[in-house]
Amino acid sequence: MDKTTLLDRLGAVGEDRLLLAKVLDRARQASDRNIPAATDFLSPQQQMQTFDLLRLAGIPETGYVRLGGYEGAERNLFLFLPDWLEPEDAASQSPIRCLRAAFRAEEKLTHRDFLGSLMGMGIVREKLGDILVGPDSADLVVLDSVADFLLQSWTSAGRAKLTVKEIDPAHIHIPQVQCQEVRDTVSSLRLDAVVSSGFKMARGKAADLITSGRVQVNWRECTKPDKLLSAGDAVSARGFGKFELTEVGGVTKKGRTAIVLKRYV
């Protein structure tokens with residue numbers, strides 16, 4: 001199946017189509033030239049689109065690895081493997097490098113401060129993986145194509161001075177994720193009912209949010225309010241955040257289903 005047909009089958013348009021076309025180019029580069037070939041960093045949604053594309057293209061899971069610099073990374077790249085490279089050895093061919101930007105704790109810098117500074121330097125988002133901000137430093141996962149430039153030229157974020165050095169990925173500081181457990185009952189496991197509970201809004205408003213295309217289930221857009229969820233599903237909504245349906249319990253005497261949500265704050 002040629003590239004155009006694959007992209008048409010996926011219904012990819014606009015920027016998504018351009019991105020997925022580049023993914024296919026990297027996969028074919030690894031196959032045709034027998035060398036490792038990596039994509040740029042992809043958002044969780046783009047990663048799901050890539051998985052769909054690779055399945056449709058018949059590329060086996062042994063033909064690539066997903067890397068983000070550390071276990072549990074949100075932004076990852078796909079490294080396509082030549083036939084001489086085993087998946088367990090793929091990290092040795094990774095284009096990922098890790099930097100630490102230290103600052104004074106009283107500056108209280110945020111993720112937005114760092115991302116804004118990098119964008120202002122002309123670094124596009126796809127060259128950056130996760131930005132992990134701590135009380136007095138931020139660890140960044142970046143492509144090697146921009147790492148040396150940042151080491152030499154990145155000296156500030158806003159008014160705060162930075163001291164930037166390269167670190168081993170094994171030494172990345174991973175901040176503890178802040179979560180809130182929510183226990184509730186819902187009339188059903190329909191997406192609109194669970195979104196209503198998770199984001200504390202009226203069910204009608206939840207349904208409107210879903211049909212407007214602002215809600216994703218497991219990083220895929222879902223516009224169907226009646227989609228049934230199950231334990232382990234992750235739900236996100238632009239402007240409202242993200243939660244995970246961690247448990248589905250029994251049915252109460254009033255016919256409602258008990259649920260436990262983990263909401264990220």
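Colleague: On what basis are residues numbered, and what pLDDT do local features need?
Modeller: Residues are numbered from 1 along each chain as its sequence is written. The model is predicted, so side-chain atom pairs count only at pLDDT 80 or more, totals for chains, interfaces and linings use all residues, side-chain values use heavy atoms with hydrogens and water left out, and local features need pLDDT of at least 70.

Colleague: How are the axes of H1 and H2 oriented to each other?
Modeller: Helices are DSSP runs of H or I with at least four residues, strands are runs of E with at least two, and both are numbered from the N terminus. The axes of H1 (residues 3–10) and H2 (residues 14–33) come within 11 Å and cross at roughly 135°; axes are lines fitted to C-alpha atoms, for helices over the stretch in contact, with angles from 0 to 180 degrees between N-to-C directions. Angles under 35 degrees count as roughly parallel, over 145 as roughly antiparallel, 65 to 115 as roughly perpendicular and the rest as oblique. H1 is therefore, relative to H2, oblique.

Colleague: Which residues of H3 meet H2?
Modeller: The axes of H2 and H3 (residues 44–57) come within 10 Å and cross at roughly 55°, so this pair too is oblique. Contact means heavy atoms within 4.5 Å. On the H2 side, Asp16, Leu19, Leu20, Val23 and Leu24 take part. Their partners in H3 are Gln46, Gln49, Thr50, Leu53, Leu54 and Ala57.

Colleague: Is glutamine 49 buried or exposed?
Modeller: Glutamine 49 lies in H3 and touches Asp16 and Leu20, not counting residues up to four places away in sequence. Buried means under 20% relative accessible area, exposed over 50%, and partly exposed in between, with a 1.4 Å probe and protein chains only. Because its relative accessibility is 19%, glutamine 49 counts as buried.

Colleague: How many residues of helix H6 are buried?
Modeller: H6 (residues 191–198) is mostly covered. What covers its buried residues includes strand S10 (179–186), helix H7 (203–211) and strand S15 (257–264). Leu191 and Gly198 are among the buried residues, and the count for H6 is eight of eight.

Colleague: Which kind of aromatic pair do phenylalanine 199 and phenylalanine 240 form?
Modeller: Rings of Phe, Tyr and Trp (its six-membered ring) pair if their centres lie within 6.5 Å; planes under 30 degrees apart count as stacked, over 60 as edge-to-face and the rest as tilted. By this rule the count comes to eight aromatic pairs. Phenylalanine 199 and phenylalanine 240 are 5.9 Å apart, centre to centre, with 40° between the planes, and the pair is tilted.

Colleague: Where in the chain do these two residues lie?
Modeller: Phenylalanine 199 is buried, with a relative accessible area of 6%, whereas phenylalanine 240 counts as partly exposed at 26%. The pair links distant parts of the chain, 41 residues apart. Phenylalanine 199 is in the loop between H6 and H7, and phenylalanine 240 is in the loop between S13 and S14.

Colleague: What is the C-alpha to C-alpha distance of glutamate 126 and asparagine 76?
Modeller: Glutamate 126 is found in the loop between helix H4 (111–120) and strand S5 (128–133). Glutamate 126 is partly exposed, with a relative accessible area of 34%. Glutamate 126 and asparagine 76 are 50 residues apart in sequence, and their C-alpha to C-alpha distance in space is 9.8 Å.
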